Amino acid sequence: MNKLQVRKLSWLREKYAADPELEKAHGPVPRRLILFFDELADFLAKGANSDVEELKDEARANLESIARLGRAIEVNIVAAAQKPDAKIISTQLRSQLGFRLGVGPLDQYESQQILNSDHGTRFPEEGTPKGRSWAYDPKNGYRQVQVMFLPDDSMVCPWDASIMLTGSKELARDRLIELGFAQTSITNSDGGIEPRWIRVENDDAWPSIDVPTNAERDSESSDTKPELDFGAGLGDQELNESDDVDPWNQ
């Protein structure tokens with residue numbers, strides 16, 4: 001970029017489009033880089049360890065530089081925080097994070113810290129659908145938006161009763177079955193029963209069995225649960241103990 005005297009990747013693309021030989025001489029345009037920071041406020045919060053605090057100060061300075069200079073070279077920051085305290089997240093950093101998103105009803109302080117306004121408080125006291133949010137960007141101003149909502153269990157869509165939302169547990173369970181896994185129950189070190197997903201082999205060698213519904217499972221006591229709980233269409237097949245995976249909590 002210095003050789004071609006451009007400060008933005010968009011300008012570099014324009015030069016390449018006008019003269020394809022430049023790309024052969026200088027290489028392709030760098031790809032956009034997105035940096036994700038979860039629980040940013042917790043990370044930047046002050047602690048008692050002076051060595052760690054020194055590293056945090058360095059990280060904070062680097063983060064502010066990236067936010068200030070990175071947009072021209074398409075390095076973008078996505079930062080999330082439960083409590084975006086102004087004493088922790090500097091004004092310089094906040095001013096560079098142009099797009100803001102406040103998810104769900106916020107109190108006055110949270111709304112001011114995230115949105116620089118009270119828009120986050122402008123929800124009814126009851127009945128706000130999960131995932132409903134206020135967004136702000138310098139071009140379009142404030143808008144109410146709906147972010148992705150994935151419930152743990154299947155349920156009727158809160159904002160459209162004609163839609164049934166499939167829960168994350170059911171999605172994961174169906175996907176594991178597609179990949180050739182079945183669910184079994186094991187006894188843990190405390191003597192309790194917990195589920196475990198195990199890869200099934202030779203699935204044509206055994207007949208399928210009926211799978212109890214969730215209601216039937218709930219009505220059974222813990223000492224009468226079946227040893228194996230297979231997904232639909234899978235039978236009492238040979239299990240490869242070396243292929244077990246982390247348990248999926250029902």
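Student: Buried means under 20% relative accessible area, exposed over 50%, and partly exposed in between (1.4 Å probe, protein chains only). Buried or exposed, which is S117?

Tutor: S117 is buried, because its relative accessible area is 10%. Keep in mind that this is a predicted model, where local features need pLDDT of at least 70 and side-chain atom pairs count only at pLDDT 80 or more, while totals for chains, interfaces and linings use all residues. Residues are numbered from 1 along each chain as its sequence is written, and side-chain values use heavy atoms, with hydrogens and water left out.

Student: Where does S117 sit, and what does S117 touch?

Tutor: S117 is in the loop between helix 6 (108-115) and strand 4 (132-137). Helices (H or I, at least four residues) and strands (E, at least two) are DSSP runs, numbered from the N terminus. Leaving out residues up to four places away in sequence, S117 touches S111, Q112 and Y142. A contact here is heavy atoms within 4.5 Å.

Student: Helix 6, then. Which of its residues are buried?

Tutor: In helix 6, the buried residues are E110, S111, Q113, I114 and L115. They lie on the same side of helix 6, because they cover an arc of only 165 degrees around the axis. That arc is taken from the directions from the helix axis to the C-beta atoms.

Student: What covers them?

Tutor: The cover for the buried residues of helix 6 includes helix 5 (91-96), strand 3 (100-103), strand 4 and strand 5 (141-146).

Student: Back to Y142. How many aromatic pairs does a search of the whole structure find?

Tutor: The search finds 1 aromatic pair. Y136 and Y142 form a tilted aromatic pair, 4.7 Å centre to centre with 40 degrees between the planes. Rings of Phe, Tyr and Trp (its six-membered ring) pair if their centres lie within 6.5 Å; planes under 30 degrees apart count as stacked, over 60 as edge-to-face and the rest as tilted. Y136 is partly exposed at 24% relative accessible area, and Y142 is partly exposed at 28%.

Student: New topic. How many salt bridges are there in the whole structure?

Tutor: The search gives 10 salt bridges. The cut-off is a side-chain nitrogen of Lys or Arg within 4 Å of a carboxyl oxygen of Asp or Glu. One of them joins the side chains of R13 and E74, at 2.8 Å, N to O. R13 is in helix 1 (residues 9-18) and E74 in the loop between helix 4 (50-69) and strand 2 (75-79), so the pair ties together parts that are 61 residues apart in sequence.

Student: What about R32?

Tutor: R32 forms a salt bridge with E74, and the closest N and O atoms are 3.8 Å apart. This pair also links distant parts of the chain, with R32 in the loop between helix 2 and strand 1 and E74 in the loop between helix 4 and strand 2, 42 residues apart.

Student: What is the salt bridge of K24?

Tutor: The side chains of K24 and E21 meet in a salt bridge at 3.5 Å, N to O. Both residues lie in helix 2 (residues 21-26), 3 residues apart, about one turn of the helix. K24 is exposed at 67% relative accessible area, whereas E21 is partly exposed at 48%.

Student: And L165, where is that?

Tutor: L165 is in strand 7 (residues 164-165) and is buried at 16% relative accessible area. Not counting residues up to four places away in sequence, L165 touches F149, P151, S154, M155, C157 and P158.

Student: Last one. How many helices and strands does the chain have, and what share of the residues is buried?

Tutor: The protein chain has 8 helices and 11 strands, and buried residues make up 29% of its 250 residues.
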